[in-house]
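Welcome! Here is a short briefing to read with the structure open beside you.

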Amino acid sequence: YAAKNGHGGGPVFATGLDDHAKARLTMLEELRTGLDRGELVLHYQPKVTVDDARRVIGMEALVRWQHPVHGLVYPDAFLYTAESADLMGRITTTVLEMACRQSRRWQDQGLPVPVAVNLSVSDLRDPDFPDQVSALLLRFGVPTTAIELEVTESVLMTDADTALVQLGRLRDMGLRIAVDDYGTGYSSLSYLQVLPVDDLKLDRSFVVRCGTDPRSAAIVQSTVGLAHSLGMRIIAEGVEDMEIFERLRVFGCDLAQGYGIARPDDAATVTAWLLERAGVEEPIR
Ligand code: C2E
Ligand code: MG
Ligand code: MG
Ligand code: MG
């Protein structure tokens with residue numbers, strides 16, 4: 001490529017970087033347009049109780065980009081770039097708005113299921129964020145208890161002091177807070193002790209192995225104990241089969257989420273799933 005363009009002799013990686021930078025700019029341009037055109041969509045994945053009833057106690061909103069050419073693009077492919085270009089604030093606002101609208105719809109359909117939204121570093125750094133959240137809730141007539149916020153351990157630790165203050169404000173407003181991907185970051189027990197948090201979501205990497213690897217099983221078991229002694233609920237993420245689900249029940253885990261229970265899907269599909277279950281299973285909280 002370099003030779004063809006008459007830059008022969010330059011370091012090989014220069015071409016790669018050029019391409020990379022170009023691709024990044026193209027993506028950002030398309031993402032800005034996409035945001036204007038409403039190309040972001042939400043999929044939802046249920047959180048259920050670890051018992052026979054498997055009651056749905058929440059839905060996690062997961063963002064996707066319905067790209068006109070590339071089709072459905074997953075968050076790992078565009079969120080990092082968006083964050084580095086200061087676009088994350090707009091994305092979170094859009095996601096929160098869609099989540100509030102859906103929460104309102106589910107309430108109106110007699111399915112009052114709380115919706116969880118994932119936050120990023122820039123949301124926690126934005127001093128106006130709690131006020132924005134409160135304005136959105138008001139606009140859609142959604143009670144604060146109907147929205148949960150998930151923050152990964154690594155996002156928390158990027159700016160631990162600020163996170164503490166911001167999450168404190170949001171929790172005082174009545175929103176539930178969850179630590180996401182717990183066990184993969186570097187938070188200390190003393191930080192966890194002061195963190196205003198309701199739920200601990202144990203990272204998938206420990207959960208997938210807890211049926212076969214005794215060390216992962218020990219981690220799951222002791223994290224359940226830790227969460228409970230701090231007055232938090234514990235959620236296992238990445239539950240891919242019923243064998244793991246049964247292990248989690250033995251370990252005393254409260255909630256579970258994963259492909260083995262339900263894959264994330266669009267609102268219509270998830271609503272049908274909810275209605276079908278509401279008929280045969282225990283009523284939804
Ligand atoms: P997360 O918050 O930990 O979300 C769980 C991810 O694991 C989702 O991937 C979900 O589809 C996937 N997953 C769920 N169950 C299973 C399972 O049983 N097995 C496996 N292998 N995977 C499972 P997704 O949707 O690609 O999202 C990836 C990450 O992107 C999320 O991880 C979250 O950190 C971030 N993200 C998604 N939506 C948003 C958003 O609106 N805002 C922000 N800031 N981050 C978001
Ligand atoms: Mg999450
Ligand atoms: Mg997670
Ligand atoms: Mg995860």
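How many bridges join S8 to strand S9 (residues 255–257), and do the two run parallel or antiparallel? The count is 3 bridges, and the two strands run parallel; strands are said to pair if DSSP finds at least two bridges between them. Helices (H or I, at least four residues) and strands (E, at least two) are DSSP runs, numbered from the N terminus.

Before going further, please note that this is a predicted model, in which local features need pLDDT of at least 70, side-chain atom pairs count only at pLDDT 80 or more, and totals for chains, interfaces and linings use all residues. Residues are numbered from 1 along each chain as its sequence is written, chains are lettered from A and ligands numbered from 1 in the order in which they are written, and side-chain values use heavy atoms, with hydrogens and water left out.

**The chain as a whole**

- The chain has 12 helices and 10 strands.
- Its radius of gyration is 21 Å, close to the 19 Å that the globule rule gives for 285 residues, so the chain is as compact as a globular protein of that length. The radius is taken over C-alpha atoms, and the rule is 2.2 Å times the number of residues to the power 0.38.
- The C-alpha trace spans about 70 × 45 × 40 Å along its principal axes.
- Of the 285 residues, 47% count as buried. Buried means under 20% relative accessible area, exposed means over 50%, and partly exposed is in between (1.4 Å probe, protein chains only).
- Among contacts with a separation of 6 or more, 68% are between residues 24 or more positions apart. Contact means heavy atoms within 4.5 Å.

**Strand S8 and its partners**

- On one side of the pairing list, 4 bridges join strand S7 (residues 199–202) to S8, and these strands run parallel. Lysine 201 has isoleucine 235 in S8 as its bridge partner.
- S8, helix H11 (residues 242–251) and S9 form a right-handed β-α-β unit. Right-handed here means that, with the strands pointing away from the viewer, the path from the first strand over the helix to the second runs clockwise.
- Since 4 of the 5 residues of S8 are buried, this strand is largely enclosed by the rest of the structure.

**The two magnesium ions**

- The magnesium ion (ligand 2) has Glu60 (OE), Asn118 (OD1), Glu150 (OE) and Asp180 (OD) as its protein donors, 2.0 to 2.2 Å from it. Donors are N, O and S atoms within 2.8 Å of the metal (3.2 Å for Na, K and Ca); water is not among the atoms, so sites may look incomplete.
- Along the chain, the donors of ligand 2 follow the spacing E-x57-N-x31-E-x29-D. Distant parts of the chain are linked by the pair of asparagine 118 in strand S4 (residues 115–118) and aspartate 180 in strand S6, 62 residues apart.
- Asparagine 118 is partly exposed at 27% relative accessibility, whereas aspartate 180 is buried at 5%.
- The magnesium ion (ligand 3) is coordinated by Asp180 (OD), Asp181 (OD) and Glu237 (OE), at 2.0 to 2.3 Å. Here too, distant parts of the chain are linked: aspartate 181 is in strand S6 (residues 176–182) and glutamate 237 in strand S8 (residues 233–237), 56 residues apart.
- Aspartate 181 is partly exposed, with a relative accessible area of 24%, while glutamate 237 is buried at 12%.
- The two ions, ligand 2 and ligand 3, are 3.9 Å apart, and aspartate 180 coordinates both.

**Spots to look at in the helices and a loop**

- Threonine 81 lies in helix H2 and is buried, with a relative accessible area of 14%. Not counting residues up to four places away in sequence, threonine 81 touches Arg24, Met27 and Leu28.
- Alanine 85 sits in the loop between helix H2 (79–84) and helix H3 (88–108). Leaving aside neighbours within four places in sequence, alanine 85 is in contact with Arg24, Leu28 and Arg32.
- Serine 216 is in helix H10 (residues 214–229) and counts as buried at 3% relative accessibility.
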